[in-house]
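Keep the viewer open as you read.

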Amino acid sequence: MTIKNGYDGFVDPQELLLGTDWNAVEHCCPNVAPATPLILLQLLDEDPRVQGAALRDLDQAVTHQNTFYSATAPAASFVAAILEDPRTLAEVSDRTPYEDARYGAQPPFPLRVGLLNWLRSTAEDANHTAERPPGEQADIDAFRAIRPALFEAARQLLADNSQEVREAALTAILPLLTAPDLAHHIPALRDEVRALAVGDGPHRGRAIDALASWGEETSSFPRPTRQAVVTNSTPTDPWCA
């Protein structure tokens with residue numbers, strides 16, 4: 001099985017997994033949550049229910065409570081490599097039946113969007129400078145080191161057929177542009193970010209914030225009443241409770 005990742009030809013997810021010594025890295029709860037390589041393989045399962053559960057585990061184990069672990073960077077590399085796999089178009093939910101019963105059913109969404117949102121959220125966490133993100137500095141640095149590869153993977157989806165995917169891809173790119181070696185891409189993306197800022201999608205607030213950080217006047221953009229929730233987090237947290 002080969003997967004076109006859009007920026008480095010074709011990759012074999014099995015090779016990506018075999019290229020990491022998973023015995024040497026870990027996520028939040030190795031004795032409770034599924035092992036990271038199992039989570040990653042289940043993202044490509046043929047059953048959308050399994051894929052949704054894997055997306056949930058990715059968020060709640062590999063980046064538990066916005067924490068960086070030694071498994072975070074290799075997991076992010078794998079996610080970037082599979083973004084264009086057709087199986088990421090599956091409509092999924094990352095909630096349990098109990099949560100749907102308690103909080104209301106969650107409309108299904110493309111797994112591709114969920115994966116982009118996870119990359120975006122993790123990149124935002126890696127950008128925190130006033131207060132260091134939770135986790136070991138080496139694990140944070142390992143994620144920051146792969147930002148160029150994450151950027152290239154997300155950029156391929158700016159021309160996706162789905163507006164929802166395009167907007168999620170652009171928003172995933174925004175926190176990556178704080179990397180010094182990626183900042184030169186900002187001028188080419190300004191128009192797309194402006195269009196996102198004047199739209200009515202869930203990422204509008206982030207687009208406005210990005211423009212402001214680039215020194216643009218944003219007072220003419222109507223601010224959303226509150227930042228839309230577009231993470232993959234769920235109401236309950238089964239790991240490391």
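Is the crossing of H4 and H6 left-handed or right-handed? The crossing of H4 and H6 is left-handed. Left-handed means that the near helix is turned anticlockwise from the far one by less than a right angle; clockwise would be right-handed. Helices here are DSSP runs (H or I, at least four residues), numbered from the N terminus.

Some ground rules come next. This is a predicted model, in which local features need pLDDT of at least 70 and side-chain atom pairs count only at pLDDT 80 or more, while totals for chains, interfaces and linings use all residues. Residues are numbered from 1 along each chain as its sequence is written, and side-chain values use heavy atoms, with hydrogens and water left out.

Back to the helix pair. Two packed helices are described by the angle between their axes and the distance between the axes. Helix H4 covers residues 72–82. H4 and H6 pack at about 140°, with axes 10 Å apart. The axes are lines fitted to C-alpha atoms over the stretch in contact, and angles run from 0 to 180 degrees between N-to-C directions. From H4, the contact (heavy atoms within 4.5 Å) uses Thr72, Ala75, Ala76, Val79 and Ile82. From H6 come Leu115, Trp118, Leu119 and Thr122.

Now follow H6 itself. H6 has 16 residues and spans 23 Å from first C-alpha to last, close to the expected 22 Å. That expectation is 1.5 Å times one less than the number of residues. Of the 16 residues of H6, 15 are buried, so the helix is largely enclosed by the rest of the structure. Buried means under 20% relative accessible area, exposed over 50%, and partly exposed in between (1.4 Å probe, protein chains only).

Thr122 sits in H6. Thr122 has a relative accessible area of 3%, so it is buried. Beyond neighbours within four places in sequence, Thr122 contacts Thr63, Phe68, Thr72 and Phe143.

The largest nonpolar core holds 64 residues. Such a core joins buried Ala, Val, Leu, Ile, Met, Phe, Trp, Tyr and Cys residues through side-chain atoms within 4.5 Å. Leu43, Leu58, Leu115, Leu116 and Leu177 touch the most other members. H6 (residues 111–126) gives the largest share of this core, 8 residues.

Last stop: Trp22. Trp22 lies in the loop between helix H1 (13–18) and helix H2 (36–42). Its relative accessibility is 16%, so Trp22 counts as buried.

Definitions and conventions. Helices (H or I, at least four residues) and strands (E, at least two) are DSSP runs, numbered from the N terminus.
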